Amino acid sequence: MTDLPNKKEIENRYEEYRPVFTEILQKIEKSLKSNLVFASNPTYKTRIKSFGSYYKKILRQKAEEAASNTESLVTLTDMIGIRVICPFVEDLAVVEDLIVKKYSVKEIERKGANQSFREFGYESVHILIDIPEDCKPTVNVEPPLPEKLVAEIQVRTILQDAWAEVEHELIYKSEFNPFDKPLRRKLASINASLTLADIVFQEIRDYQKRLQIELGTRRNTFYEKADDYSDEVLEVKAQGGTRVAPATEASSEPPMPFSKGSIDDLVLSALHEHNMGNFDRAIEIYTQIITSKPEPPAVVLGVICKHRGMAYFAQNLYDKALEDFKKSEEYDPKSFRSIYYEGIVYSVQDKNREAIECFDRSLAIESFQSHVYYRRALAFYNLGEYSSAMKDVNNAYNLGMKDKDLDELKAKLIKKFDMGM
């Protein structure tokens, strides 16, 4: 007959280690926070396994070892646990890769990966790591740390973690496993819904990333054209002339594989054509969105008119660009960027008073725009209003703008002041 484990002795031994485990846990959490650096900001949950849970588990898994081992602690892999909870599915692979690179990994288990859609167990990546040397106690402890001690890091999305918590309460903790088919179907349905929500959130995230890339490229192209005008004003010479924006060739990249059907898909397609220099095609798609039935919401129309105006601007069709920027403001009176772009068009047309009026209205909506102060300073400079120009130059500097054109303008203004204007 196998000897029975002495629960009181095991508990006393386990509690001796609790302060040590807590110190290790805190150090590993701090280490993870410094090493898991990426775009998303994960949250962390930590815990030392309670003795009650520890004792139940060793009775199930290591009862014989616990009965015969009266000197040292019987170790489990999840006594020290840290959960890294990420916003998006894509973050899971990022976290796993960083952990593998920065720590000594003993094992990786993907729980729930092989479940059928009818099952309702949680999904999670469990990573066992050796205790890093710099996370061990700073002084020798008695009794000494178990040789096979590891820490378990669980990596989940927010929704996976939510389901795991509920599943733990409903099934594991209460030792309840429903046999009623309708109830099992409901649980499976909830799990499937959360999994689908994770997928949808990731798709939205992917769309936003593609959109930001296209928007950034399109916005830079717009500003490059406006900067050419600034160079003329400031008499900046670069290789014998004004700065020339890098040429884009329509054939340099294959068309983006966006499916057509939703407004989001059309927007991405239009932005891509715009960035590739296919302005006519971009305008065609923008117009398709604007004239679609049923009519898109005003906020959508405001954004699309702004984009189409930028495409017209790229073709030197300034009147059409102005018309679209004004429409954008009509649809969205708070669109300070559309008003700012309108001001840029007036600047290029040498209509500095009209430009200043637009810059004033844009800053009235959003005052923390260093580039708008710079553009307004340039307009004041053209009108010979050098004190107002210098005030705006200083405003741009105060907001952190660092730009050689801004430096050039300041130098010219100082020269004007030295000459007594």
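How many aromatic pairs does the structure hold? In this predicted model, the structure holds eleven of them. A pair of aromatic rings is described by the distance of the centres and the angle of the planes. On these terms Phe-51 and Tyr-55 form a stacked pair, with 5.6 Å from centre to centre and 25 degrees between the planes. Both residues belong to helix H2, which covers residues 51-61, and they are four residues apart there, about one turn of the helix. Phe-51 is buried, its relative accessibility being 7%, and Tyr-55 is likewise buried, with a relative accessible area of 12%. Another pair, that of Tyr-340 and Tyr-341, is tilted, because the ring centres lie 5.8 Å apart while the planes stand at 40 degrees. Tyr-340 and Tyr-341 are both buried. Ring pairs also join residues into a cluster, whose members are Tyr-14, Tyr-17, Phe-21, Phe-51, Tyr-54 and Tyr-55; the stacked pair of Phe-51 and Tyr-55 therefore belongs to this cluster.

Just after H13 comes Gly-384, which takes a positive phi of about 80 degrees.

Helix H7, formed by residues 263-275, has 13 residues and reaches 18 Å from its first C-alpha to its last, close to the 18 Å expected at 1.5 Å a residue. Eleven of the 13 residues of H7 are buried, so that this helix is largely enclosed by the rest of the structure. The buried residues of H7 include Leu-266, Val-267, Leu-268, Ala-270 and Leu-271, together with Asp-265, His-272, Glu-273 and His-274. After H7 comes Gly-277, whose phi is positive and near 90 degrees. Tyr-286 lies in helix H8, which covers residues 279-290, and with a relative accessibility of 0% Tyr-286 counts as buried.

On the surface, Leu-196, Ile-199, Val-200, Phe-201 and Ile-204 form a nonpolar patch, with about 430 Å² of accessible area together. One of these residues, Val-200, is found in helix H6, which covers residues 181-234, and Val-200 is partly exposed, with a relative accessible area of 34%.

The structure holds 22 salt bridges. In one of them Glu-284 is joined to Arg-281, the closest N and O atoms being 2.8 Å apart; these residues are three apart in helix H8 and are therefore separated by about one helical turn. Glu-284 is partly exposed at 48% relative accessible area, and Arg-281 is partly exposed at 33%. A further salt bridge joins Asp-324 to Arg-308, with 2.6 Å between the closest N and O atoms. Because Asp-324 lies in helix H10 (residues 318-331) and Arg-308 in helix H9 (residues 298-314), this pair ties together parts that are 16 residues apart in sequence. Asp-324 is buried, with a relative accessible area of 1%, and Arg-308 is buried as well, with 10%.

Glu-357 and Arg-361 also form a salt bridge, in which the closest N and O atoms are 2.6 Å apart. Both residues lie in helix H12, which covers residues 352-365, and they are four residues apart, about one turn of the helix. Glu-357 is partly exposed, with a relative accessible area of 38%, and Arg-361 counts as partly exposed at 25%. Through shared partners, salt bridges join Glu-357 and Arg-361 with Lys-326, Glu-329 and Glu-342 into one network.

Notes
Residues numbered from 1 in each chain as written. Predicted model: local features only at pLDDT ≥ 70, side-chain atom pairs only at ≥ 80, totals over all residues. Heavy atoms only, no water. Phe/Tyr/Trp six-rings, centres within 6.5 Å; stacked < 30°, edge-to-face > 60°. Helix = DSSP H or I, 4+ residues; strand = E, 2+ residues; numbered from the N terminus. Buried < 20%, exposed > 50% of the residue type's maximum accessible area, 1.4 Å probe, protein only. Expected span 1.5 Å × (residues − 1). Patch = residues over 30% accessible without salt bridge, like charges linked within 9 Å, V, L, I, M, F, W, Y side chains within 5 Å. Areas by Shrake-Rupley, 256 points an atom, 1.4 Å probe, with all protein chains shown as cover. Salt bridge = Lys/Arg side-chain N within 4 Å of Asp/Glu carboxyl O.
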